[in-house]
Amino acid sequence: MRTYEVITYGCQMNVHDSERIAGVLTDAGYAPADPGTQADVVVFNTCAVRENADNRLYGNLGHLAPVKLAHPGMQIAVGGCMAQKDRQVVVDKAPWVDVVFGTNNLGSLPVLLERARVEAEAQVEILESLERFPSTLPTRRDSAYAAWVSVSVGCNNTCTFCIVPALRGKESDRRPGDILAEVRALVDEGVQEITLLGQNVNSYGVEFGDRGAFAKLLRACGGIDGLERVRFTSPHPAAFTDDVIAAMAETPNVMPSLHMPLQSGSDTVLKAMRRSYRSEKFLGILDRVRAAIPHAAITTDIIVGFPGETEDDFAATLDVVRASRFSAAFTFQYSIRPGTPAATMPDQVPKEVVQERYERLVDLVGEIAWAENQKVEGQRVEVLFANGEGRKDAATHRMSGRARDNRLVHVAVPEAAQDRPRPGDLADVVISYAAPHHLNADGGLLDLRRTRGGDAWAARQSAPQAVPAGTVLGMPTLARN
Ligand code: SF4
């Protein structure tokens, strides 16, 4: 049986697409490669958002060229946004690549691999639009107790820094019945937590004429027995409506956390970014969310150094950050992405200016996040334990998980393995002290609940082949909307 490995760059969309790539390959008779062994098929699922993405991809392909020579029959495939963008360029630069496939035809990968083998020639197949909604593809999920569920793909916005509309096309919405059927099936398999995924979840439903569809979807998730936690990413401030806030507040299994990208606090920069909200609207949404859900943890994405950003514009961003009291922020230095309108804008900000502003922003974000985290000290919170996240500290027996508001919590757990939570289990803990980017609970477990999610995780341990072979490079960043 031929083996595979999937190497993933980029956002959650790509992480979930990699689960589909693994599912499609498994269905076609491939098996995940054992850790430490050389896979027969290496798939790169690429990202086009970061400046150095090209360098990293071609660097990795360069390392694999001699490996391929030493392993007759080995194949290399490149998919994802970079493949969609660069197409033939990939095989021109790295002629030892066997297959280049796009974001719209993940399901064709086994056929393309076979064709490349038979014809002894690289296959490049990129489709401009979706063959079928990718959720109909078989999926091998990384986690037994948490799952991504796509509500839409593509985006109808035209943010000038973003390559997504050019590469992933117009928004296509999945029907609510299909989404809920997938969620119910996942819960039946032991999944405790789902994250509804779309480039712009607030515009979900526009395609089939129901502007209230996303709020209805959240409420419908609330009616699914056994589904402990519902999250979503990412909303766009322009389309954020009060019915979504009401649905979040009134649906007990929708978690009190919100990740809403700000990108800039300057209205001039927001206009140049073609983001159709202004800072006042953004802050108004946060006020209404906090009025309805007082303990909501709010996180964001911010880009520093967008073309034309002045010191005054940057100061406006710092002002909005101070007013917003984010519990965390993903901060990015603007970098030119060929193919985006911003790439050719005048007044690109010099790198050293971007770096200096970035450092000031990171300091402020860290200071506020720490102060926000300290407010949770002494409180009892529920933690869903996770696999492979955060600190693994054998000496003090710590495990990590996420609180309901999505804060990362490191928990002191019993010494005896049988008394410890399994990934997917739930427990209440008291927060002993806060750090800028996580919380610590040193007092142990107050109320450990063995869950079906933990059972599902344990079942996977006895069937290691069920876990897809793959690597996610770097921290998966949130979709940049
Ligand atoms: S940043 Fe987000 S909302 Fe804007 S175009 Fe890209 S995907 Fe769409």
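Two residues are in contact if their C-beta atoms, placed from the backbone, lie within 7 Å. The structure is a predicted model, in which local features need pLDDT of at least 70, side-chain atom pairs count only at pLDDT 80 or more, and totals for chains, interfaces and linings use all residues. Residues are numbered from 1 along each chain as its sequence is written.

With contact defined in this way, Gly443, leaving aside its neighbours within four places in sequence, touches Val429, Val430 and Ser432. Gly443 sits in the loop that lies between strand E20 (439-441) and strand E21 (447-449), where strands (E, at least two residues) and helices (H or I, at least four) are DSSP runs numbered from the N terminus. Gly443 is partly exposed, since 13 other C-beta atoms lie within 10 Å, and that term falls between buried, at 20 or more such atoms, and exposed, at 12 or fewer.

Elsewhere, three strands form an open sheet in the order E7-E10-E11, with parallel pairing; two strands pair if DSSP finds at least two bridges between them. Strand E7 (146-150) and strand E11 (229-233) stand at the edges with a single partner strand each, so one side of each has no neighbour in the sheet. Five bridges join E7 to strand E10 (residues 193-197), and Trp148 has Thr195 in E10 as its bridge partner.

Among the helices, the axes of H7 (residues 176-188) and H8 (residues 213-222) come within 11 Å and cross at roughly 25°, these axes being lines fitted to C-alpha atoms over the stretch in contact, with angles from 0 to 180 degrees between N-to-C directions. H7 and H8 are therefore roughly parallel to each other, a term for angles under 35 degrees.

How values were computed. Parallel < 35°, antiparallel > 145°, perpendicular 65-115°, else oblique.
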